[in-house]
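Start with the sequence and the model side by side. The paragraphs below go from the sheet to the helices and end at the ligand.

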Amino acid sequence: MTDHIIRVTDPTKPLAFDLSRPLEVEVGCGKGKFLTSRAKENPDCDFLGIERMLERVRLFDGKCRRGNIDNARVLRLEALYTFHYLLPAHHARRVYVFFPDPWPKKKHHSHRLFSPLFLDALWKRLEIGGRIEFATDHEEYFGVVKECFAADSRFREVEPMPRPPEVWTEFETLFRSQGMAVHSAAWQALEADDAPLEPLKIPPEALPREGIERRPKKNED
Ligand SMILES: C[S@@+](CC[C@H](N)C(=O)[O-])C[C@H]1O[C@@H](n2cnc3c(N)ncnc32)[C@H](O)[C@@H]1O
């Protein structure tokens with residue numbers, strides 16, 4: 001059986017998608033517990049996980065293979081870059097970002113995923129009316145992300161989707177088992193002027209590439 005890992009040989013070329021099928025994307029999908037369960041429940045939709053840790057990408061692939069899930073794939077690449085250059089315009093019906101690294105130290109805030117730059121690329125990839133679902137255990141980062149969306153008139157805050165325990169991600173399961181609070185929010189993409197994205201300052205050769213083309217070892221998941 002072919003595996004579910006997308007191998008990017010040229011990170012400047014947009015990825016190919018079947019535009020006749022809806023698409024849902026999870027950023028930092030980890031081992032894929034959430035996305036693979038959604039893929040199983042929704043065979044008429046395609047699912048893309050974006051995850052930069054190789055071992056987690058392999059575990060995602062193993063879950064798809066064991067569960068005979070044909071409509072989910074995973075890409076080992078940096079999320080901002082992927083949204084900016086590789087996804088089709090206004091095609092994703094949902095984007096999920098669950099428990100992104102909060103980078104709590106001030107000197108590391110520039111590593112955080114959510115920024116006006118990410119919102120530009122996110123809006124461009126969501127269909128109009130498409131939604132982003134977000135959850136975090138980190139209260140301060142939750143406030144920062146809410147402010148970021150509130151400052152962007154292309155998004156409207158909406159009720160987050162219900163997430164019963166069966167679809168909790170690995171981190172959500174862990175945090176809730178420790179009695180930690182989880183903060184959730186969701187936004188919808190609105191009709192707006194569709195300006196082209198400015199080029200990013202990250203050159204393709206600076207992307208983490210190690211292992212992108214490496215195949216998982218036999219029996220490895
Ligand atoms: C705290 S973990 C949460 C994993 C999963 N969402 C969950 O809730 O179980 C954050 C994940 O996002 C991945 N990640 C962080 N920044 C990323 C980025 N810029 N691009 C792609 N993946 C990223 C990390 O490798 C890690 O697996």
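In β4, the residue bridged to I6 is L75. That bridge belongs to the pairing of β1 with β4 (residues 72-75), which is parallel and spans two bridges. The model is a predicted one.

The pair sits within an open sheet of eight strands, ordered β1-β4-β3-β2-β5-β6-β8-β7, with mixed pairing. Its edges are β1 (5-6) and β7 (155-158), each of which pairs on one side only. Strands of a sheet pair through backbone hydrogen bonds, either parallel or antiparallel.

Helix α2 (residues 54-66) lies across β1, β3 (46-50) and β4, and runs at about 170° to β4. Helix α5 (residues 139-150) lies across β6 (126-136), β7 and β8 (183-189), and its angle to β8 is about 15°.

Helix α4 (residues 116-125) is largely enclosed by the rest of the structure, because seven of its 10 residues are buried. These are F118, L119, A121, L122, W123, K124 and R125. The elements covering the buried residues of α4 include α3 (79-86), β5 (92-98), β6, α5, β7 and β8.

The ligand has 15 residues around it, and G28, E51, R56, F98 and T169 come nearest. In the side chain of T169, an N or O atom is 2.7 Å from an oxygen atom of the ligand. The ligand taken alone exposes 590 Å², and the protein buries 92% of that.

How values were computed:
Residues numbered from 1 in each chain as written. Predicted model: local features only at pLDDT ≥ 70, side-chain atom pairs only at ≥ 80, totals over all residues. Heavy atoms only, no water. Pairing = 2+ DSSP bridges. Helix = DSSP H or I, 4+ residues; strand = E, 2+ residues; numbered from the N terminus. Contact = heavy atoms within 4.5 Å. Axes fitted to C-alpha atoms, helices over the stretch in contact; angles between N-to-C directions. Buried < 20%, exposed > 50% of the residue type's maximum accessible area, 1.4 Å probe, protein only. Near = heavy atom within 4 Å. Polar contact = N/O pair within 3.5 Å; in protein donor to acceptor, adjacent residues only side chain to side chain. Areas by Shrake-Rupley, 256 points an atom, 1.4 Å probe, with all protein chains shown as cover.
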